[in-house]
Amino acid sequence: MEQRVRDLPGWQDLIRDRFVALDIRPGDGLGIRGRVRSHAVGSLGVADVRSVAQTFRRTSGLIARHGEERLQVGFVRAGVAQLDQDGREARVAPGSFVVYDTTRPFTWTMAGDWRMDVFTWPRNAVPVDPRRLTALTALPVREGASALVAKAALTELTRTGPVAGTEGRRLADRVAELVLAAVDLHAPSDLLRQVLDFVELRLDDPTLCPAVIARACHLSLRSLHRLFADHPRSLARWIRYRRLERARAELVAFPERPIAVVAARYCFSEPTVFARAFRDEYGCSPRDFRHGTQGRVRGAQRTGGVSPGA
């Protein structure tokens with residue numbers, strides 16, 4: 001279905017009908033013209049939108065009056081666009097896509113003539129936690145293998161035409177998954193810090209595992225492991241390393257505490273397992289480390305804290 005308009009009231013009605021209610025202001029004061037061509041893939045709306053310089057605003061008042069809970073993706077094909085949402089300002093260049101959520105205010109600023117594919121899912125059709133989604137909006141995605149796969153899938157949706165029934169729902173769900181996975185990789189810093197903080201607080205928890213971490217941080221297992229793709233250690237090796245670091249500190253702080261008790265506190269099933277991991281990491285056994293540390297402390301005490309020959 002294709003519709004063209006050449007006046008602001010008609011354009012505002014068309015945008016509200018195909019997407020959500022927006023406040024639209026012409027960018028040059030000379031009026032509006034535009035075209036929307038759209039079809040449905042399951043519950044997903046697929047639209048090719050072309051128009052001129054303008055600003056679209058989704059305000060708190062419009063959200064309160066109209067509701068319209070949608071997850072949207074804007075894939076810029078031509079022109080220059082900027083999306084502002086959740087405290088981020090994203091310049092979206094041609095060939096890039098970005099996610100936004102209609103349940104919170106946002107602004108699109110379009111400079112000059114532009115063309116954008118807009119993909120609209122009902123918010124409840126995409127299984128992503130709302131708290132998680134605020135970390136993914138207004139992050140332009142262009143480069144990388146995941147981005148290429150997601151862009152290919154979005155492009156294919158514009159070419160397939162309408163797809164109904166089970167096949168349409170399955171296709172819409174699959175593309176949403178690919179898009180969110182690609183955006184995940186463009187927000188690694190905050191997400192990685194969130195995961196590392198969660199791990200740090202639960203190093204003595206024997207149930208700590210990737211599934212528990214993913215659920216607590218509102219991530220899929222695939223996205224969780226991708227966060228560690230450029231990290232010096234995998235997630236499992238990082239957990240083991242941090243447990244060893246805590247145990248090593250405890251061996252020094254509590255010299256009378258049995259090594260087996262320290263090992264069990266940090267979830268090593270057997271003292272021998274702990275000893276092997278400790279030696280792999282530090283090059284000596286826990287016992288030798290403790291004795292060596294105690295010897296250095298006693299030597300420093302005898303010399304008033306200054307090592308001989310200093």
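At what angle do helix 9 and helix 11 pack, and how far apart are their axes? In this predicted model, helix 9 (residues 235-253) and helix 11 (residues 271-282) pack at an angle of about 95 degrees. Their axes lie 11 Å apart. Angles of 65 to 115 degrees count as roughly perpendicular, so helix 9 is roughly perpendicular to helix 11. Helix 9 brings Arg240, Tyr241, Leu244, Glu245, Ala247, Arg248 and Leu251 to the contact. Helix 11 answers with Phe274, Ala277, Phe278, Glu281 and Tyr282. By class, the contact of helix 9 with helix 11 holds 8 nonpolar and 4 charged residues, and no polar ones.

Turn now to the pockets. The largest pocket has a volume of about 400 Å³. Its lining counts 19 residues. Pro127, Glu177, Leu180, Ser220 and Ser223 lie nearest the centre. Two elements, helix 5 (165-184) and helix 8 (221-227), each give two or more residues to this lining. Helix 5 supplies the largest share, 6 residues. The lining of the largest pocket divides into 9 nonpolar, 3 polar and 7 charged residues.

The second largest pocket has a volume of about 200 Å³. Strands feature here: strand 1 (2-5), strand 3 (34-41), strand 4 (44-51) and strand 9 (106-122) each give two or more residues to the lining. Among the lining residues are Arg4, Arg6, Arg33, Arg35, Arg50 and Asp113. Val5, Gly34, Ser51, Val52 and Trp114 also line the second largest pocket. By class, its lining has 6 charged, 3 nonpolar and 2 polar residues.

Key:
Residues are numbered from 1 along each chain as its sequence is written. This is a predicted model: local features need pLDDT of at least 70, side-chain atom pairs count only at pLDDT 80 or more; totals for chains, interfaces and linings use all residues. Side-chain values use heavy atoms; hydrogens and water are left out. On a 1 Å grid over the protein atoms alone, a cavity is a set of points where a 1.4 Å probe fits but cannot get out, and a pocket is an open set with protein on both sides within 12 Å along at least five of seven lines; lining residues have an atom within 4 Å of a point. Grid points are joined across faces, edges and corners, and a volume is the space filled by probe spheres set on the points. Helices (H or I, at least four residues) and strands (E, at least two) are DSSP runs, numbered from the N terminus. Ala, Val, Leu, Ile, Met, Phe, Trp, Tyr, Cys and Pro count as nonpolar, Asp, Glu, Lys and Arg as charged, and the others, Gly among them, as polar. Axes are lines fitted to C-alpha atoms, for helices over the stretch in contact, and angles run from 0 to 180 degrees between N-to-C directions. Angles under 35 degrees count as roughly parallel, over 145 as roughly antiparallel, 65 to 115 as roughly perpendicular and the rest as oblique. Contact means heavy atoms within 4.5 Å.
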